Amino acid sequence: MLLSPFGYDVVLPKQLGIQFSPEETESTFLGNSFIKSRELFRRTGIPSFADDSGISVPALGGSPGVFSARFGKPEFNDKDRALYLLSELGNNPNREAYYTCVVTFVDGNVEKSFEGKVYGTIRMDYDEIGKYGFGYDPIFFYPPLGKSFSEVPELEKNKVSHRKIAMQKFLDWLKDY
């Protein structure tokens with residue numbers, strides 16, 4: 001695991017017998033990530049980290065943003081949400097988009113956050129060919145690789161993703177903590 005070299009074992013709430021799904025009531029990734037890491041620390045007393053992430057489209061006022069997993073109708077699945085985003089964007093020529101991930105750490109003495117972003121554009125269509133990724137990956141085109149995230153194998157995507165960037169910042173900080 002990522003934290004093993006630092007002398008930490010990662011334990012999931014489920015492994016501790018904890019039902020854990022706090023309500024995300026904040027309007028930012030930072031706020032929602034802190035809700036999770038603070039609540040987990042409160043319930044366990046164990047140094048805790050959590051993340052929150054999603055996709056933002058400036059032409060849609062930053063939507064779906066923190067509502068990425070709940071964008072559109074409640075019964076929507078990942079593909080439905082991606083198609084809904086495409087319909088909301090329509091033929092708008094501004095197709096800029098970015099994924100954000102915020103990792104937060106809480107241990108009773110320190111509360112720290114780490115943000116990662118990756119920038120791309122929204123495709124005009126849904127990629128039915130790519131077999132990788134999930135969520136909005138079939139409509140997110142990443143220019144440095146020249147393809148949609150749904151066409152990028154997980155190991156390759158994990159080298160450039162918003163989660164990788166945020167986790168790397170966290171791990172770099174943790175080395176000196």
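**Salt bridges, pockets and surface features of the predicted model**

In the predicted model, the side chains of E39 and R42 meet in a salt bridge, with a distance of 2.7 Å from N to O. The two residues are three positions apart in helix 1, so about one helical turn separates E39 from R42. Side chains of opposite charge can pair when their charged atoms come close.

The structure holds 10 salt bridges. One of them links K36 with D52, and the closest N and O atoms of this pair are 3.2 Å apart. K36 belongs to helix 1 and D52 to strand 1, so the pair ties together parts that are 16 residues apart in sequence. Both K36 and D52 are buried. A further salt bridge is formed by the side chains of R123 and D125, at 2.7 Å from N to O. R123 counts as buried because its relative accessibility is 19%, which lies under the limit of 20%. D125, in contrast, is partly exposed, with a relative accessible area of 41%. Salt bridges that share partners also join E24, K36 and D52 into one network.

Empty space in the model was examined next. Rolling a probe the size of a water molecule over the atoms shows where empty space is left. The largest pocket has a volume of about 1100 Å³. Its lining is made up of 42 residues, and those nearest the centre of the pocket are V10, L12, F49, A50 and D51. At least two lining residues are supplied by each of helix 1, strand 1, strand 2 (96–106), helix 3 (154–157) and helix 4 (162–175). Helix 4 provides the largest share of this lining, with eight residues. Sorted by class, the lining of the largest pocket contains 27 nonpolar, seven polar and eight charged residues.

Helix 1, strand 1, helix 2 (78–89) and helix 4 each contribute at least two residues to the lining of the second largest pocket. The largest share of this lining comes from strand 1, which supplies five residues. By class, the residues that line the second largest pocket comprise seven nonpolar, five polar and 10 charged.

On the surface, V11, L16 and I46 form a nonpolar patch, and together these residues have about 230 Å² of accessible area. I46 is located in the loop between helix 1 (29–44) and strand 1 (48–56). The relative accessible area of I46 is 40%, and this residue is therefore partly exposed.

Another loop contains a cis peptide bond. Most residues other than glycine have a negative phi, and most peptide bonds are trans. The bond from S63 to P64 is cis, with omega near -5°. P64 is placed in the loop between strand 1 and helix 2.

S37 lies in helix 1 and counts as buried, because its relative accessibility is 0%. S37 and V103 are 66 residues apart in sequence, and their C-alpha atoms are 8.9 Å apart in space. T44 likewise has its place in helix 1, but T44 is partly exposed, with a relative accessible area of 24%. For T44 and K157, a separation of 113 residues in sequence goes with a C-alpha to C-alpha distance of 33 Å.

Definitions and conventions:
Residues numbered from 1 in each chain as written. Predicted model: local features only at pLDDT ≥ 70, side-chain atom pairs only at ≥ 80, totals over all residues. Heavy atoms only, no water. Patch = residues over 30% accessible without salt bridge, like charges linked within 9 Å, V, L, I, M, F, W, Y side chains within 5 Å. Areas by Shrake-Rupley, 256 points an atom, 1.4 Å probe, with all protein chains shown as cover. Salt bridge = Lys/Arg side-chain N within 4 Å of Asp/Glu carboxyl O. Helix = DSSP H or I, 4+ residues; strand = E, 2+ residues; numbered from the N terminus. Buried < 20%, exposed > 50% of the residue type's maximum accessible area, 1.4 Å probe, protein only. 1 Å grid on protein atoms, 1.4 Å probe; cavity = no way out; pocket = protein on both sides within 12 Å on 5 of 7 lines; lining within 4 Å. Points joined across faces, edges and corners; volume = space filled by probe spheres on them. Nonpolar A, V, L, I, M, F, W, Y, C, P; charged D, E, K, R; others polar.
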